[in-house]
Every structure is written in C-alpha cells, then in structure tokens.
Amino acid sequence: MSIGRTKRFKGIALAAITSTAVVAGVIFIQTGADADPKPTLEQAKAQVAALQTKAADAGEAANDLRGQITAAQIRVKALQAGIAKQQVQVDAVKRQIGSLAVAGYQTSGMTTTAQLLLSTNPDQFLSQASTAQAFAGQQNSALRRFQAAQGKLTDLQASEQSELAALQSVQAQQDGLKKQIQANLDAAEKVLGKLSDAERDRIKQENAKEAEKARDERPTRGGDRTSEDPEDNTPVPVNGRAGAAVEAAMNQLGDSYVWGASGPSSFDCSGLTMYAWGKAGVSLSHSSKAQFSEGRRVSRADLRPGDLVFYGNPSIHHVGMYIGNGRMVHAPNPGKPVKTDDLDYMSGYAGAVRPG
C-alpha cells in the first residue's frame, strides 16, 4: 500500500471514529436528560413540599442549638467578668509585693549588728528589728496570696478558653444546619424551575388562596371565626392563659413561615408557639425540642385547647398548638402559611405538653 493511500485510510478511519464519538455523546446527553425528566405538576408539588419540610426540620435543629449558644455565651460572659475581677486582685497583691520589696531593699545592705552599732537610739532600733521580722512575715504572706490569686486567675482563663471552644463548635454546627436549610430551599426552587411559567403561576395562586383561607379563619374581636365554614369553627377558650395563647396563635393565621422568626408577622413553628404563649404571660424557648420539656405532659386523650403538640421520631422537629376537635394551629414549613390542620396532618406524633 502506498504512503498516500495509507494516509487516506487513516483519515477515513479517524473521521469514522470521531463521528461515532459524537453520536455516542449525543446519545449520552439525551440519556442523561431522560434520567432527569420534567416532573408533572403534582410530582413537583410533592418534591417541593418534601424539600421545604426538610428545611423546616433543619431549622428546628438549628433553633435547638440557639439555646445552647445562648447558654454558652452567658457562661463565657460570667467567666470574663470573673477574670476581670480576679485580675484586679492579682494586680493589688503584686503592688503590695512591690512595695514590700522596695522597703526590704532599703535596709538589706547593712547587717543587723552594724545597724545596732550605728543607731543613735539602740532601744528604738531593737523595737524596729522586731518589726522587721514581722515585715518579713508579711512578705511571705503576700507571696502566698499572690500565688493563690494567680492560680485562680489561671483556672478562670482556662475555663474561658474551654467554653469558647465549645461555643465555637456549637456555632459551627448551627452554621452547617443553616446551609442545609438554604440547600433544601434552593433545591425546591430548582424543581419549580423545571415547570412552565403557567404551572408556576398556578402554584403561586394556590398558595395565595391557602393563605387567604387561613386569614379568613382568624377570630373576630368577639372570639368567633370570620369563616362561615362550620368545619373551621373549632372551640376557642375565652378565659385563662390558654385562651389568650390560642387567640394569639389564631390571630396569626395566614402569616408567612420564616425560619428563626417569632413575630409579629412571620414565624417558624416554635416561634409561633413561643409568641402565642408569650402573649399569655408564659415564657417558652424558641425550640420545639426545648418546649417539649417546658410544661406538664398530657396524653392525646386529655388534650385541651392551648396544649402544645409535638412531632418527630427519634428527635422532636415540629410543634403546633391544639385548638380543639382534633385540630391544631401551626406554622408548617416555608411553603405554607400559619394555618390549621388535623393532628394527623403529619406523621410521628410524639406527645403533648401543657405550659403555664
């Protein structure tokens, strides 16, 4: 075979290989696209709801760490105040030691015998010599006080560093949870981005109607619901702190969900219950897990309006407020407004607590 024919053969073979690779690439891209097809409207809504619930769960975990961070910050502040106070004591003893050292140096260059011989008043000198022995004792006592004060200061400083390290660790955990919140919300937006403009508009309209319906359930000043739907007319106690808490929560119906918010116009789940019971004069933590320990446990059969109902297994991640007739008011997740739902709206019922 001539050199020219060989080159032409190689060129034809290379072109064929290249063409095959291009076709394979197109097939691969098409296969990849088929592996992640556009969801139906209902599929997209389900995926978004799941992602928003995950974001809310991460938010409650971050809320629980908020309490740990606050407690750690209080401990650090107390230690820093103790360090400042102890430093004042150390400095005072150091000044005393300095004064004693100067006084001792002024008489240290001459022997006691020489001082006695040169003294114009031996009786007075002997009296001063006795005082000097006491003075030496003062020096030793001052040194012991300094060692004790400095040791306590060192211990306080070590405790402060330990608390600061623990605080930074918890803050890092919370930062990680915040990233999880945003990652889930971003993923939800990505799902919505696969829909058509018309489908996204439809979801927006449905969300707006849901918020409007929730606002219609708000109590009037007389304590009745503005909604004419008899299914929404669950009883609301009119007396006592539980009544005030339920009324406060119901007055937030239709408000938006925002992680970390506790009013007056946006809430997360524990922020809503904290806000409502706060209006009744009862202080609660901004954490569903913490709130589960802030009251008397009650069985599901003994629930009364105002009781807090909790969800999550093995760890608490959601809280709502019971309003009667098997229903609760709660802030579900970033895609839903503050609304009323059946107690079985979500799985994993964990128990109930009666605050106050």
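I took strands (E, at least two residues) and helices (H or I, at least four) as DSSP runs, numbered from the N terminus. The model is a predicted one, so I kept local features to pLDDT of at least 70 and side-chain atom pairs to pLDDT 80 or more, while totals for chains, interfaces and linings use all residues. Residues are numbered from 1 along each chain as its sequence is written, and side-chain values use heavy atoms, with hydrogens and water left out.

**Strand partners**

I looked up the pairing of E4 next (two strands pair if DSSP finds at least two bridges between them). E4 is joined by four bridges to strand E5 (residues 318-324), and the two run antiparallel. Leu308 has Met321 of E5 as its bridge partner. The two strands make a hairpin with six residues between them, and Gly312 in the turn has a positive phi of about 135°. E4 is also joined to E8 by four bridges, again antiparallel. Here Val309 has Ala352 as its bridge partner.

**Core**

I then checked the nonpolar cores (sets of buried Ala, Val, Leu, Ile, Met, Phe, Trp, Tyr and Cys residues joined through side-chain atoms within 4.5 Å). The largest has 29 residues, of which Trp277, Leu308, Phe310, Met321, Val329 and Val338 touch the most other members. Helix H6 (240-250), helix H7 (269-279), E4 and E5 each supply at least two residues of this core. A second, separate core has ten residues, among them Ala55, Leu65, Val170 and Leu177.

**Rings**

I counted three aromatic pairs, taking rings of Phe, Tyr and Trp (its six-membered ring) with centres within 6.5 Å, and calling planes under 30 degrees apart stacked, over 60 edge-to-face and the rest tilted. Tyr311 and Tyr349 are an edge-to-face pair because their ring centres are 5.7 Å apart and their planes stand at 80°. This pair links Tyr311 in E4 (residues 308-311) with Tyr349 in E8 (residues 349-354), 38 residues apart. Tyr311 is buried at 0% relative accessible area, whereas Tyr349 is partly exposed at 25%.

I also noted charges over rings (NZ of Lys or CZ of Arg within 6 Å of the ring centre and within 35 degrees of the ring normal). Arg300 lies over the face of Tyr349, 4.8 Å from the ring centre. The charged end of Arg66 sits over the ring of Trp259, 5.8 Å from its centre.

Methods. Buried means under 20% relative accessible area, exposed over 50%, partly exposed in between (1.4 Å probe, protein chains only).
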